[in-house]
Amino acid sequence: TTERPSRAQTRVGASSEREDDTLPPPDLRGPGTFFVVDDEPIVTRSIAAYLGLESPHRVLAFNDPAEALAALAGEAPDVVLSDFMMPGMDGIAFLRQ
């Protein structure tokens with residue numbers, strides 16, 4: 001059987017051989033930022049509440065993709081969770097921008 005590397009041993013980029021590309025354990029990276037984008041307020045509130053309770057990360061929720069894009073000008077989120085079907089701009093178009 002082949003042993004899988006631990007999370008701390010996982011490297012960024014499969015072909016990388018440099019030691020400084022090793023990801024630090026999650027607890028050493030510090031809290032990140034989540035962007036939650038969905039046109040349904042109940043969905044964004046629910047996801048933001050769950051993430052707020054279950055993780056140390058900052059959660060920013062948006063019900064308008066254009067608003068989320070404007071917020072990206074001053075933010076660099078670690079995770080973006082977007083609805084696929086939204087009025088005005090679908091999730092794929094949002095992520096492309």
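Which residues does T44 touch, not counting residues up to four places away in sequence? In this predicted model, T44 touches V36, V37, D38, A61, F62 and N63, where contact means heavy atoms within 4.5 Å. T44 is found in helix α2, residues 41-54. Its relative accessibility is 3%, and T44 counts as buried. Buried means under 20% relative accessible area, exposed over 50%, and partly exposed in between (1.4 Å probe, protein chains only). The side chains of T44 and N63 are joined by a polar contact of 2.9 Å. A polar contact is a pair of N or O atoms within 3.5 Å; within protein, one must be able to donate a hydrogen and the other to accept it, and residues adjacent in sequence count only if both atoms are side-chain atoms. T44 and V59 are 15 residues apart along the chain, and their C-alpha atoms are separated by 10.0 Å.

Residues are numbered from 1 along each chain as its sequence is written, and side-chain values use heavy atoms, with hydrogens and water left out. Local features need pLDDT of at least 70, side-chain atom pairs count only at pLDDT 80 or more, and totals for chains, interfaces and linings use all residues.

The protein chain averages a pLDDT (the predictor's confidence in each residue, from 0 to 100) of 77, and 69% of the residues score at least 70. Over residues 4-18 the pLDDT is below 50. Where pLDDT is low, the predicted coordinates should not be read in detail.

The protein chain has four helices and three strands. Their order from the N terminus is α-β-α-β-α-β-α. Helices (H or I, at least four residues) and strands (E, at least two) are DSSP runs, numbered from the N terminus.

The largest nonpolar core has eight residues: F35, V37, F62, A68, L69, M86, M89 and F94. Such a core is a set of buried Ala, Val, Leu, Ile, Met, Phe, Trp, Tyr and Cys residues joined through side-chain atoms within 4.5 Å. Strand β1 (33-37) and helix α3 (65-72) each supply at least two residues of this core. Beyond its neighbours within four places in sequence, F94 is in contact with residues including V37, A68, L69 and M89.

The count comes to one salt bridge, a side-chain nitrogen of Lys or Arg within 4 Å of a carboxyl oxygen of Asp or Glu. E75 pairs with R58, with the closest N and O atoms 2.4 Å apart. E75 lies in the loop between α3 and β3 (79-82) and R58 in strand β2 (residues 58-62), so the pair ties together parts 17 residues apart in sequence. E75 is partly exposed at 25%, and R58 is partly exposed at 39%.
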